[in-house]
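Subject: Structure for your review

Dear colleague,

Please find below the structure that I am handing over to you. My notes on what was found in it follow directly after.

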Amino acid sequence: LTSYCHRLQHDMYFLTSNSRLNEQVVDKIILQLNRVYPQILTNAEAEKFRNPKASLHTRLSDLIKHLQKKGDRHCQEFYRALQINAEQLYNDLPSRKILSPVFFLACFSVAAGFALFWYCCNSDTKVIGRARRILGFSPIIIGRHVRNICMLYLEDVSRN
């Protein structure tokens, strides 16, 4: 699984670009990290990141870098504060839009299954012979039970 620090690195450009976060939201996040979780941001650190003399972009970038240096728990609490104070932005984060590898594997498996089914159901006898050869030599790719069922189906189709 991806760490919160890695996710925050991935989301940093998104969070700091195009004024997605305004002064009020950034201040709320900083105050939450300071008041609710004083071990995450001390009073001095909170004052530093709330300093109006520095630009919002700089303060936010510095805050994110500071949290990444402190570790995964600190980054996780930043995400929690972001979700509480800017839920729509939290839901739009690039790291939340990435689909898991399992999803892609499942989609590929379904597509491969349909392709194999279509290939085997073709009425051309040459295709059935080739499919039988492919299935016969694929014990590693396809489980033994699935391969045996497919082979029995092909033998039945070729008899008809």
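This is a predicted model: local features need pLDDT of at least 70, side-chain atom pairs count only at pLDDT 80 or more; totals for chains, interfaces and linings use all residues.

Overall architecture

The protein contains ten helices and zero strands. Read along the sequence, its pattern is α-α-α-α-α-α-α-α-α-α. Of the 160 residues in the protein, 36% are buried. Among the contacts with a separation of 6 or more, 60% are between residues 24 or more positions apart.

Helix H2

Which residues of H2 are buried? They are Val25, Val26, Asp27, Ile29, Ile30, Leu31, Gln32, Leu33 and Asn34. These buried residues pack against H3, H4 and H5.

Asp27 is located in helix H2. Buried means under 20% relative accessible area; Asp27 has 18% relative accessibility and therefore counts as buried. When residues up to four places away in sequence are not counted, Asp27 touches Arg50 and Arg59.

Leu31 also has its place in helix H2. Leaving aside neighbours within four places in sequence, Leu31 is in contact with Val36 and Arg50. Leu31 and Phe49 are 18 residues apart in sequence, and their C-alpha atoms are 9.9 Å apart in space.

Helix H5

The buried residues of H5 are His74, Cys75, Glu77, Phe78, Tyr79, Ala81 and Leu82. What covers them includes H1, H2, H4, H6 and helix H7 (94-97).

Apart from neighbours within four places in sequence, Glu77 is in contact with Leu33, Tyr37 and Ile40.

Leu82 is another of the buried residues of H5. Neighbours within four places in sequence aside, Leu82 is in contact with Leu15, Leu21, Ile29, Glu87, Leu89, Tyr90 and Leu93.

The packing of H4 and H5

Helix H4 (residues 56-70) and helix H5 (residues 72-85) pack at an angle of about 140°, and their axes are 5 Å apart. That angle makes H4 oblique to H5. On the H4 side, the contact is made by Leu63, Ile64, Leu67, Gln68 and Lys70. On the H5 side, it is made by His74, Cys75 and Phe78. The residues of this contact divide into five nonpolar, two polar and one charged.

The largest nonpolar core

In soluble globular proteins, nonpolar side chains tend to be buried together. In this model, the largest nonpolar core has 30 residues. Which of them touch the most other members? They are Leu15, Leu21, Leu33, Phe78 and Leu82. The elements that give two or more residues to this core are helix H1 (4-16), helix H2 (23-35), helix H3 (43-49), H4, H5 and helix H6 (87-91).

Phe78 takes part in the contact between H4 and H5, Leu33 is one of the residues touched by Glu77, and Leu15 and Leu21 are among the contacts of Leu82.

Residues with greater accessibility

Two further residues are not buried. Ala44 is placed in helix H3 and is exposed, with a relative accessible area of 57%. Ala44 and Asn34 are ten residues apart in sequence and 9.5 Å apart in space, C-alpha to C-alpha.

His57 lies in helix H4. With 45% relative accessibility, His57 counts as partly exposed. Along the chain, His57 and Ser19 are 38 residues apart, while their C-alpha atoms are separated by 7.9 Å.

Yours sincerely,

A colleague

Terms used. Residues are numbered from 1 along each chain as its sequence is written. Side-chain values use heavy atoms; hydrogens and water are left out. Axes are lines fitted to C-alpha atoms, for helices over the stretch in contact, and angles run from 0 to 180 degrees between N-to-C directions. Helices (H or I, at least four residues) and strands (E, at least two) are DSSP runs, numbered from the N terminus. Angles under 35 degrees count as roughly parallel, over 145 as roughly antiparallel, 65 to 115 as roughly perpendicular and the rest as oblique. Contact means heavy atoms within 4.5 Å. Ala, Val, Leu, Ile, Met, Phe, Trp, Tyr, Cys and Pro count as nonpolar, Asp, Glu, Lys and Arg as charged, and the others, Gly among them, as polar. A nonpolar core is a set of buried Ala, Val, Leu, Ile, Met, Phe, Trp, Tyr and Cys residues joined through side-chain atoms within 4.5 Å. Buried means under 20% relative accessible area, exposed over 50%, partly exposed in between (1.4 Å probe, protein chains only).
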